[in-house]
Amino acid sequence: MEMLSYFTQIFEPTTLMWLIIGATVGVILGALPGMSADTGIGIFLPLTFSLSPIAALAALGAIYVTGAYGGNITAVLVNTPGTSDSLFMTLDGYPMTLKGQGLKAIGVTTISSFVGGVVGCLALLFIAPPLSKIATMFGPLELFLTIMMGIIIIIGIVKDRALKGLMSACLGFLCSLIGMDGITGMPRFNFGIAGIYDELPLLPVVLGMFAFSQVFVLVQENRKSIVIGEEAMRGNVWLNKEEMKYIAFETIRSSIIGTVVGIIPAAGTTVAAGLSYNMARRADPDPSSFGKGNPKGLATVSAANNGVVGGSLIPLLTLGIPGNATSALFLGGLLIHGLAPGSRLFTENARTAYGLIFSMLLANFFILIFGMFGAKYYAKITKVPSSVLIPVIAALCMLGAFSYRNLPFDMIIVLFFGIVGFYMDRTGIPMAPFVLAFVLGKSAEIDLRRAAMIMKGNGLSALLHPLPLALLAIDIVMLIAPFWGDITGKNRKKAK
């Protein structure tokens, strides 16, 4: 009965009103390039001072949940990820739109995001304390081995275009080294340019590579619109039984992966989405279909992204350790209302703590509402004349880049990487390895150097523990797996 009272409190008029406002703001900000759940929570924090703790946290939780989904819409329809978390959506989502399956793509990303979000919230509700202990076991060595999983994914992605893929990845690694050294604090490779003194900013680079490059593509191809004609927008946003069955297993598995990865501080959506995508691609009977509009590819990354939301709050609420930047902002919201994370949060402030979890669970249903009932309106973006769409995408990219750090120089970065992305696209060099290496490269370098400093020559003894050994074994399996079919195939040929 007590748990029921925790659930029913979110339906109080004020709390429900703020939850709806937060869910709406989250979707809108998530879809706008340069904006994100971080932006929404930052804007709403001052507005929640006068609210009750449960109403305030319900609004912030709803922004977090729907903000993680909002970027999927523009990533799928116009290859413009609203946030850096949505960049994996472009791999299979946009090709589906180009095939005239934009409505189906929205249906896939909506349903899988909903499932991922629900799984993450249920983990937060039922198994937060035991799962949160995993986070305390991860030191620099374990974090490095975890990040290596994401980097090894590059091998699976570029297997068919090895040389071009490795060129792309190497360029990404080099770009990740620009800026302040994470250990010594010394500037490096910035060539005296003040705008990249501390680092090459992530969002302007991603917007340039994936979004602004499409401006040049649309100009060169001289198409009237992304999808031409009503008949091209085939399918229905509501998936039928066969389509649901097709993505069901990958969606559930990726939701669990996203939740577990979300628990690990600094791992984040890139590792979760990459791991899920690579596993789905490797297990599929036709792995070559991934990256060309396979609904499974879109479902895996959507589910993993939203699974991270609930997972990242597990170490925050139980140990006070933010799993990512957004949950760090969430910590501010808790402290503002006098709520200290830890075991006492679920005893002395159980009503508020469980109210937050139930409000986030309810916010996931708004993903379904916004996605399934708004799809036919979103899909009209693909039929907007290119003469209108090109300047709008360009303006949003520039605005998003500027709002990221309020630096005009970031607009030059978008333009530069837009040109780089365009020529990579035209020459068949994949962009996904570049982005993966760029996002994970700096973290991998810092954690490796920290681990080396701690071990001081005793690397083998540090590695000979259950968790590092398990992570190393997973890395080795992932490294070999893309080539296993070739190896066994060659062995069979030799046997014949």
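**Rings and their neighbours: a short tour**

Guide: Welcome! In this model, the charged end of Lys296 sits over the ring of Tyr246, 4.6 Å from its centre. The model is predicted, with local features needing pLDDT of at least 70, side-chain atom pairs counting only at pLDDT 80 or more, and totals for chains, interfaces and linings using all residues. Residues are numbered from 1 along each chain as its sequence is written, and side-chain values use heavy atoms, leaving out hydrogens and water.

Visitor: What makes the charged end of Lys296 count as sitting over the ring of Tyr246?

Guide: The rule asks for NZ of Lys or CZ of Arg within 6 Å of the ring centre and within 35 degrees of the ring normal. For Lys296 the distance to the centre of the Tyr246 ring is 4.6 Å.

Visitor: Why is the pair of Phe212 and Phe216 called edge-to-face?

Guide: Rings of Phe, Tyr and Trp (its six-membered ring) pair if their centres lie within 6.5 Å; planes under 30 degrees apart are stacked, over 60 edge-to-face and the rest tilted. The centres of Phe212 and Phe216 are 5.5 Å apart and their planes stand at 70°, so the pair is edge-to-face.

Visitor: How do you know whether Phe212 is buried or exposed?

Guide: Buried means under 20% relative accessible area, exposed over 50%, and partly exposed in between (1.4 Å probe, protein chains only). Phe212 has 7% relative accessibility, so Phe212 counts as buried. Phe216 has 25%, so Phe216 counts as partly exposed.

Visitor: And what makes Phe11 partly exposed?

Guide: Phe11 has 40% relative accessibility, so Phe11 counts as partly exposed.
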